[in-house]
Amino acid sequence: MAATTSARAKKATKRRPPAAPAADKRRPPAAKNARQEGAAPAKAKGAARAARPAKAGAPAVKAGAKGAAGGKTARYAAFLRGVSPINLKMSDLKRCLERAGYANVVTVLSSGNVVFDAPEGAPEPALERAVEAALEAGLPRGFGAYVRSTAALGRLLESDPFARHRLPDGAKRVVTFLREGPKAPPALPVTLEDAQIVAIEGADVLSAYVPGGKSPLFMVLIEKTFGKDVTTRTWDTVTKVAAR
């Protein structure tokens, strides 16, 4: 009986699992993997920064920088709506466009006219959005911008549509810039007392009025005919801007 018990004890000893080894002082694989995962967010952050959408106007800025580096550029003029010496300094207007990446920025008079270099053939609506975005980014308030190439302004001045019309003595000639040409142009001339719209050249409206009175009737006429999303300059101002 004792012999049998001793034999069973020996078999149990042989089947007993080996004792657990001493704890490994090296960092376990899980901790090593955790350290590697901790580095992953940094890479993801960089990827997110690269994929972050560009701010409005950025494509025009990049294209402008490329043009300045060797591509062809042209001169463009932006006419701002609702500007006066009280609500916008021309030095601030110049600074906003320079910060946006435009070169050879020059302001003309104090009524919100600025001339700058941009890639030749750049779409004017895209430049309008880019200029407006640059102003919103650098000023307490925004302003609408209406862009024309100085070459187009030069052609308008040279053609002088006013010369084809008999204007009243002392009439002041003005150009109103629209976003786009009217889809259904009105029959011309359109008149309101001493103010009259005499010609439409694409998205540019040419009007004349006799100064005087308490209200600018020509602006009433313009807004009644084309809406308020417009800006107007005198013929003399357009001449000065085109020369820059």
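Reader: Happy to start with a pair: how far apart are the closest N and O atoms of Arg179 and Asp229?

Author: Arg179 and Asp229 form a salt bridge, that is, a side-chain nitrogen of Lys or Arg within 4 Å of a carboxyl oxygen of Asp or Glu. Arg179 lies in the loop between strands S5 (172–177) and S6 (190–192) and Asp229 in the loop between helix H7 (217–226) and strand S9 (231–234), so the pair ties together parts 50 residues apart in sequence; helices (H or I, at least four residues) and strands (E, at least two) are DSSP runs, numbered from the N terminus. This is a predicted model, where local features need pLDDT of at least 70, side-chain atom pairs count only at pLDDT 80 or more, and totals for chains, interfaces and linings use all residues. Residues are numbered from 1 along each chain as its sequence is written, and side-chain values use heavy atoms, leaving out hydrogens and water. The closest N and O atoms of Arg179 and Asp229 are 3.3 Å apart.

Reader: Good to know! Which residue does Arg75 pair with in a salt bridge?

Author: The closest N and O atoms of this pair are 2.8 Å apart. It links strand S1 (residues 73–80) with strand S3 (residues 113–119), the two residues being 42 residues apart. The partner of Arg75 is Asp117.

Reader: And is Asp117 buried or exposed?

Author: Buried means under 20% relative accessible area, exposed over 50%, and partly exposed in between (1.4 Å probe, protein chains only). Asp117 has a relative accessible area of 14%, so this residue is buried.
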